[in-house]
Amino acid sequence: MTSTTKTTEHGLSKFHRLLVDQVRHEFTASQQYIALAAWFDDRDLPQLARVFYRQSLEERDHAMMIVRFLLDSDVPATIPQTDEIQNDFEEPRDLVAFALRQEREVTSQFHLLARTAREEGDYTGEQFLQWFLKEQTEEEAKMSTLLAVVDRSNGNLFDVETFVAREMPDEPSDPTAPATAGPSVS
Ligand SMILES: [Fe+2]
Ligand SMILES: [Fe+2]
């Protein structure tokens, strides 16, 4: 498939290099969410565990959407190791705050991607990013709400579990999402 990018036989465009890096960031986020989910699961907090296991699947799909795009753009889609995964936490608030920080970091990665696509005149790339930018707004909002709820609960995790069960159901898959390489899991 041809594209309007500036990747040539001389090397990848900066946008494509950043996109290859983003595959690693998304797989890292996916693996990190499993670590957070298992922590909650181990402490008999099944609703928090469910939300984080689920989030892990979504991050995995984000990675595979980018892999699909790279394949379609004739960019080698190298499958990376993840960055370091954090497993040691003291209390529930630390995990939610960690997840919110991770989402904010990913948002700034997408802002850099968007800026770079625009600078390089990569209109196809710019369009591909639109869904991810919207998704980041939702994921940041979700974690920031959860953090507020945890803070308001004053340590009553039963309240947090009740809130999560009531207000954070598993969402149906988004038909506007970019296609994944292979089947999607979320
Ligand atoms: Fe993601
Ligand atoms: Fe995310």
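Modeller: A residue is buried if 20 or more other C-beta atoms lie within 10 Å of its own, exposed if 12 or fewer, and partly exposed in between, with C-beta atoms placed from the backbone. This is a predicted model, in which local features need pLDDT of at least 70, side-chain atom pairs count only at pLDDT 80 or more, and totals for chains, interfaces and linings use all residues. Residues are numbered from 1 along each chain as its sequence is written, and chains are lettered from A and ligands numbered from 1 in the order in which they are written.

Biologist: What percentage of the 186 residues of the protein count as buried?

Modeller: The count covers the 186 residues of the protein. The share that counts as buried is 33%.

Biologist: Is E26 buried or exposed?

Modeller: E26 belongs to helix α1 (residues 14-42); helices (H or I, at least four residues) and strands (E, at least two) are DSSP runs, numbered from the N terminus. Because E26 has 25 C-beta neighbours inside 10 Å, E26 counts as buried.

Biologist: Which helix holds Q136?

Modeller: Q136 has 19 C-beta neighbours inside 10 Å and therefore counts as partly exposed. Its place is in helix α4 (residues 123-152).
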